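User: Please show me how to read a single residue in its surroundings, and then the features around it.

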Amino acid sequence: MLKQITTLALVTSLVGCAATQAPEQPAPVDIDTFNASLSEQKSELVALINANQTAQQVVLSSLSTQLDGLSQQLEEVKRQPEKQVVQVPVECDPSPIGDKFILGAVEHVYIDEIKAGFETRIDTGAESSSLDAHNIILFERNGKQWVRFDVFTQGADKPAETFESKVERFVRIKQDGDENDRRPVIHAHLQIGNYKAETDLNLVDRSHLDYQLLLGRKFMQDIAVVDVGQTFVHGKKNPSNTVK
């Protein structure tokens, strides 16, 4: 019995030792194999770095080429002369009346020699121009024919003013009944609005007519056209720069 117990204890002790034994260690790596693996990894890393550098060089080269092109374009723009915008005038059709001015059927006309303005009939049916004058007296001065006459410069209800002027010539105006009216003609400077002109005026009593002054075709020829649908196109005031 004692022998069996001793044998059992010995077996148990051997089993316990086997259970507590340390795990098996990996086999050591061969140094040549390790160096070969390390060299292979290094080669792969160097190849990857070189590939990245090559790609970056390609991108940088492309950007540099584009920058050079933009710099050349900028220099060309700087060398070009500055462009100026030229306004092209719009061509208009020529006026059918040319440089003539327009007169209405009635205009305010200022006579410089008389220093007065009159509402004036613009009459294309009359050939000559005439001024309402009274007490017409012919006389001679320095061997020239002159005329003295009265004009109602401020209306028929105010006293008339007397004027003298050299006679340029005489005209005969045919009247009703085949009578010829011989009238003295004076030279006068007129102003209609801003327009100034010269013309001859024959002197005659026009008290039975509506207007003291009449301008006929000779005055308008080559300088004006008449719009019979208008009156006082150039206003009704006397020139402000004329002193009476």
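Analyst: Serine 129 lies in the loop that joins β3 (116-122) to β4 (130-132); strands are DSSP E runs of at least two residues and helices H or I runs of at least four, numbered from the N terminus. Residue numbers start from 1 along each chain. The model is predicted, with local features requiring pLDDT of at least 70 and side-chain atom pairs 80 or more, while totals for chains, interfaces and linings use all residues, and side-chain values use heavy atoms without hydrogens or water.

User: Is serine 129 buried or exposed?

Analyst: Serine 129 is buried (under 20% relative accessible area; exposed is over 50%, partly exposed in between, 1.4 Å probe, protein chains only), since its relative accessible area is 4%.

User: Which backbone atom does the side chain of serine 129 reach?

Analyst: The side chain of serine 129 comes to 3.0 Å from the backbone nitrogen of glycine 216.

User: What is the strand order in the open sheet?

Analyst: Strands pair when DSSP finds at least two bridges between them. Here three strands run in the order β5-β6-β7, with antiparallel pairing, in an open sheet. At its edges are β5 (134-141) and β7 (161-166), each of which pairs on one side only.

User: How many bridges join β6 and β7?

Analyst: Six bridges join β6 (residues 144-151) to β7 in the antiparallel sense. Within this part of the sheet, phenylalanine 149 faces phenylalanine 163 of β7.

How values were computed: A polar contact is a pair of N or O atoms within 3.5 Å; within protein, one must be able to donate a hydrogen and the other to accept it, and residues adjacent in sequence count only if both atoms are side-chain atoms.
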